[in-house]
Amino acid sequence: MKKGTDWRYRVSNKEAIMGTVLAILNFIWWYAFAYGLGGRPVKEYTYILGFPAWFFYSCIVGFVVFTVLVWIMVKFFFKEVPFDTEEPKPKEGGDVR
Amino acid sequence: MNWDVILPLAFFLILVFLVGIYTSRHIKSGPSFLQDYFLAGRELGGFVLAMTMVATYGSASSFIGGPGAAYQLGLGWVLLAMAQLVTGYFTLAVLGKKFAIVARKINAVTLIDFLKARYESKWVVILSALSIVIFLFSAMAAQWVGGGRLIESFTGLSYTTALFIFSGSVLVYVIAGGFRAVVITDAIQGVVMVIGTVIILAGTIIAGGGIENIMGELRAENPNLITPFGSDQSLTPLYVSSFWILVGVGVVGLPQISVRAMSYRNAKAMHRAMIIGTFVVGFIMLGMHLAGVFGRVILPGIDVPDKVMPLLALEVLPGWLAGIVLAAPLAAVMSTVDSVLLLVSSAIIKDVYINYIKPDAEEQFVKKLSFGITAVVGLSVFAMAIHPPDLLIWLNLFAFGGLEAAFIWPIIMGLYWKRGNANGAIASILVGVGSYMYLHLNYPNLWGMHTVVMPIVLSFFAYIVGSFTKGDRPQTNTF
């Protein structure tokens, strides 16, 4: 019976936490711009490219920013691990199996 | 009939049909048949994975119902729709490589295979299979009706003929080609959805005389249309935020989505899919719902929200371009039903028949059975869709939220909490589905949030409490 957990799961756990944090940031961005700027009276609205500023930042810029953040997250922070090999080489500091 | 519109639609249907048939030639025989038929041999690359996740998730409501609501309520509804951006990356990130690796280790082909290996409980399997078959069957029938109605409204054919054309084209390629045909056609359908969004958005902005002009007219009509609160001020921040659960993070619990998280080839495919998926889902949701809002300036006074998109496309675009745009909702419906059809059939064959009725069934027989059951399920949905029974329509009300409340914790906690056990999973499924149905019928939108929120909270506690009762924990270190 093997002891310890698969080292690849640690990578995966870390990535799951990163994904969750990104989702929370995404929510905060979306909420803060929408109700922070959009909660004012319509008379005080400012407009960017024709859109009310709250919508422009919350939905349009938010879409672009978070697509780029996803790209940065997987490009620089996600690791490529092999899926199929039953006995992957433990990396330095890997588990004792 | 408007042939300009019908020709691109017909071309699209034929293209999907031919591609679906062509991919079915790749189906392998032998021991890998089930893996191949229900999971395409875990060989999906990044682009196809992204497209099949977006297309399976995006249904008629993204193209018809949603933009119709945006037309009535204004930018507030676009804000709500943008809660879906998170589906592009969250499911893959949270289930992650662990889910894909575990699935390989235990040879899982379906979501229930995963739950079975994790909880080692007959009741978890039976309850899950029941929820999937009942809820997804009715959800599928509802989409099927939608597909028939769409073709009916564009072409003027009778509903039954339209339904026949729609089901015929979907059924043949799903039965013959399995998961591979489903995902390859999903990729085409996803591309059609993106192209349709670009065209209708551009057409609407041009017809409305530019964004600035459109916003000015909206503000003049009713200033609330350009606030986040909706034309009638009905969209409270809490209510809109609760959609982050229903159509955002909760989507992890939908079996037709989570099963895709075990189908990709390698880590690189998953990484690419997260980037592409986020972009595509964000683009479609933003574009289609904005077009709905803008449409109000061009075609004021439409009372039936579902007619907004078709009428708008016909108004602002030349016929053949309108045909391409109208192919998008059809693509969305097809890509949803084909995935769900295969999932229901896999639940019957793999999860019930092979697990409990005949574990030692021969390959050849399993193969015939797979084609056969998929055909039977498909044909019975078709039959149901001709005159949808009330029960089915009633069940469909619970399908989306009920499945999320049932599966989200058994999947996520099963992956990340070692103490979670079968009692917890059973409690979570029962409490999730039960409380969702109860609240939906008796206290819809409790405390100003979408109904789905409380059942997801309750099923979480049910899982925790259940897991503290005596029960076996997984004995292996697979999880």
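Select residues 16-34 of chain A. This stretch is 100% helix and 0% strand, with its end C-alpha atoms 27 Å apart. Now take residues 54-74 of chain A: again 100% helix and 0% strand, with 29 Å between the end C-alpha atoms. UniProt, in an unreviewed entry, marks residues 16-34 and 54-74 of chain A as "transmembrane region". Such positions are given in the numbering used here, feature names are shortened, and annotations may be inferred rather than shown by experiment.

The model is predicted: local features need pLDDT of at least 70, side-chain atom pairs count only at pLDDT 80 or more, and totals for chains, interfaces and linings use all residues. Residues are numbered from 1 along each chain as its sequence is written, while chains are lettered from A and ligands numbered from 1 in the order in which they are written.

Show all of chain A. There are two helices and two strands, in the order α-β-β-α from the N terminus. Helices (H or I, at least four residues) and strands (E, at least two) are DSSP runs, numbered from the N terminus. Of the 97 residues in chain A, 33% are buried. Buried means 20 or more other C-beta atoms within 10 Å of the residue's own; 12 or fewer is exposed, and in between is partly exposed, with C-beta atoms placed from the backbone.

Next, zoom in on A:A34, in helix α1 of chain A. A:A34 is buried, with 27 other C-beta atoms within 10 Å. Beyond neighbours within four places in sequence, A:A34 contacts A:W54, A:S58, B:L79 and B:P228. A contact means C-beta atoms, placed from the backbone, within 7 Å.

Bring up both chains. The contact between them takes 43 residues from chain A and 40 residues from chain B. On the chain A side, α1 (7-38), β2 (51-52) and α2 (53-77) are the elements giving two or more residues. The largest share, 18 residues, comes from α1(A). By class, this side has 27 nonpolar, 10 polar and six charged residues. Ala, Val, Leu, Ile, Met, Phe, Trp, Tyr, Cys and Pro count as nonpolar, Asp, Glu, Lys and Arg as charged, and the others, Gly among them, as polar.

Last stop: helix α10 of chain B, residues 211-221. B:I214, B:M215 and B:L218 are buried here. Look down the axis of α10(B): its buried residues fall within an arc of 95 degrees, so they line one face of the helix. The arc is taken from the directions from the helix axis to the C-beta atoms. What covers these buried residues includes β1 (47-48) and β2 of chain A, together with α13 (267-298) of chain B.

Methods. Contact = placed C-beta atoms within 7 Å.
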